[in-house]
Amino acid sequence: MRLDKFLKVSRIIKRRSVAKEIADQGRILVNDRPAKSSSKVKAGDTLTIKFGNKTETVKINKIVETTKKSDAEDMYKIIDETYAENFDK
């Protein structure tokens, strides 16, 4: 499955266009390698996603073409979630 579609179906990112934009900016790593929105992902892959000051690492458990909101969380497991320092000081 394409990276941008997985992010949308799993509801990690709500819109596919936003997922495509983030991936094409180089803010997503698949197995520690920079990935484009068209990169293929499969079960067992590790994604590192940089959102603003938050970095989230998830492991893909399974790939499903369509899913209900309640089942979307079963598609991945959050491994790590870190936040950058607060620079407002």
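How many bridges join β3 to β4? Six do, and the two strands run antiparallel. The close-ups below start from that pairing. This is a predicted model, in which local features need pLDDT of at least 70, side-chain atom pairs count only at pLDDT 80 or more, and totals for chains, interfaces and linings use all residues. Residues are numbered from 1 along each chain as its sequence is written, and side-chain values use heavy atoms, with hydrogens and water left out.

**View 1. Strand β3 pairs with β1 and with β4.** Helices (H or I, at least four residues) and strands (E, at least two) are DSSP runs, numbered from the N terminus; two strands pair if DSSP finds at least two bridges between them. Three bridges link β1 and β3, again in the antiparallel sense. Follow Leu47 in β3 here: Val30 stands opposite Leu47, and in β4 the bridge partner of Leu47 is Val58. β3 and β4 form a hairpin with two residues between them, and Gly52 in that turn has a positive phi of about 40°.

**View 2. Asn31 and Asp32 sit in the loop between β1 and β2.** This loop lies between residues 28-30 (β1) and 33-34 (β2). Most residues other than glycine have a negative phi. Asn31, though not a glycine, has a positive phi of about 50°, and Asp32, also not a glycine, has one of about 65°. For accessibility, buried means under 20% relative accessible area, exposed over 50%, and partly exposed in between (1.4 Å probe, protein chains only). Asn31 counts as partly exposed because its relative accessibility is 37%, whereas Asp32 is exposed because its value is 67%.

**View 3. The largest nonpolar core has 20 residues.** Such a core is a set of buried Ala, Val, Leu, Ile, Met, Phe, Trp, Tyr and Cys residues joined through side-chain atoms within 4.5 Å. Among those with the most contacts inside it are Leu3, Phe6, Ile28 and Leu47. α1, α2, β1, β3 and β4 each give two or more residues, and the largest share, four residues, comes from α1. Leaving aside neighbours within four places in sequence, Leu3 is in contact (heavy atoms within 4.5 Å) with residues including Ala23, Val30, Val41 and Leu47.

**View 4. Ala19 lies in helix α2.** Ala19 counts as buried because its relative accessibility is 0%. Not counting residues up to four places away in sequence, Ala19 touches Asp4, Leu7, Ile13 and Ile28. Lys42 is 23 residues from Ala19 in sequence and 17 Å away in space, C-alpha to C-alpha.
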